[in-house]
Amino acid sequence: MFTWNCKGRLVEWEGPLVMGILNVTPDSFYSGSRKNEEKEWIDTADRFRKQGAFIVDIGGQSTRPGADKLGVQEELKRVIPAIQAVHEAFPELLISIDTFYGEVARQAVNAGASIVNDVSAGAIDPDMIPAVASLKVPYVLMHMPGTPQDMQSKTTYTQIDLDLLDFFTQKIKVLKEQGIHDIILDPGFGFGKTPEQNFSLIRYLPVFHSLGYPLLLGVSRKSTIYRTLGITAEEALNGTTVLHTAGLLNGADILRVHDVREAVEAITLVSHLKEKPAGMAGRF
């Protein structure tokens, strides 16, 4: 059982849970996740909610390898209207803002977001950690060497599981010193890792679970799947479900996904396999 303080709103949940991806971008790697009109935002959030998503993750900036970096103002123009629309339509739905800018995090939380999902672990914008500390919301701490523009040139590790364990241990200490206690760990699948390293990270999930924080698994339709299988991102749903299953068996608590219904089904079946009822419903 995990408990989060989301802007003074106490959220208790028992995983695994699903986080549905809603990208307010023209260039995310999977075209099916791109939604750029208000009706699409609301319809997608409604579909995710009905299919069993606990969180909707809204992002306005592609973080695929080599993606162009947007400035704060352009990102705000994309994400704030979407967050406001979804929050107004479904006020009980948890919204996370996918950003590495502190100012975007502030305005997103003021608009209705309750979680900050930062791929950079505060390394891109030094204002991010102070912003999250002041907002009193959960923080997704992800591992990424460098930036989306150069991360794939930084795939050398001494021993990837221990390197990431050291990274998380040091960052958790910093976050707690700043007053951030509701932390979610994301090993950063595909962010500065080779396909072989990504597969290793799924095997190593129990190592990170030992830190006592919920683990987020973000493998949905990524290149490790479709390049290994010789297919496209549009054809990678089955492969995604296979890796979701492996991740769940190794302790993943949150699945960040493009396809909510299939992820919920994987959670249900794996929960039965473990002879443990799925804890899909949180309490507010």
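**Notebook: aromatic rings, sheet, cavity**

I looked up the aromatic rings and found that Phe2, Trp4 and Trp13 form one aromatic cluster. For pairing I took rings of Phe, Tyr and Trp (its six-membered ring) with centres within 6.5 Å; planes under 30 degrees apart count as stacked, over 60 as edge-to-face and the rest as tilted. Searching the whole structure gave me five aromatic pairs.

The model is predicted: local features need pLDDT of at least 70, side-chain atom pairs count only at pLDDT 80 or more, and totals for chains, interfaces and linings use all residues. Residues are numbered from 1 along each chain as its sequence is written, and side-chain values use heavy atoms, with hydrogens and water left out.

Next I took the sheet. Strands (E, at least two residues) and helices (H or I, at least four) are DSSP runs numbered from the N terminus, and two strands pair if DSSP finds at least two bridges between them. I read an open sheet of eight strands, paired in parallel, in the order E8-E7-E6-E5-E4-E3-E10-E9. Strands E8 (183-186) and E9 (216-217) stand at the edges with a single partner strand each, so one side of each has no neighbour in the sheet. Helix H2 (residues 72-89) packs on the sheet and touches E3 (17-23), E4 (55-59) and E5 (94-98), contact being heavy atoms within 4.5 Å. The direction of H2 makes about 175 degrees with that of E5; axes are lines fitted to C-alpha atoms, for helices over the stretch in contact, and angles run from 0 to 180 degrees between N-to-C directions.

A cavity is a set of points on a 1 Å grid over the protein atoms alone where a 1.4 Å probe fits but cannot get out, and lining residues have an atom within 4 Å of a point. I noted one cavity of 30 Å³ or more. The largest cavity has a volume of about 70 Å³, the space filled by probe spheres set on the points. H6 gives the largest share of its lining, three residues.

Definitions and conventions:
1 Å grid on protein atoms, 1.4 Å probe; cavity = no way out; pocket = protein on both sides within 12 Å on 5 of 7 lines; lining within 4 Å.
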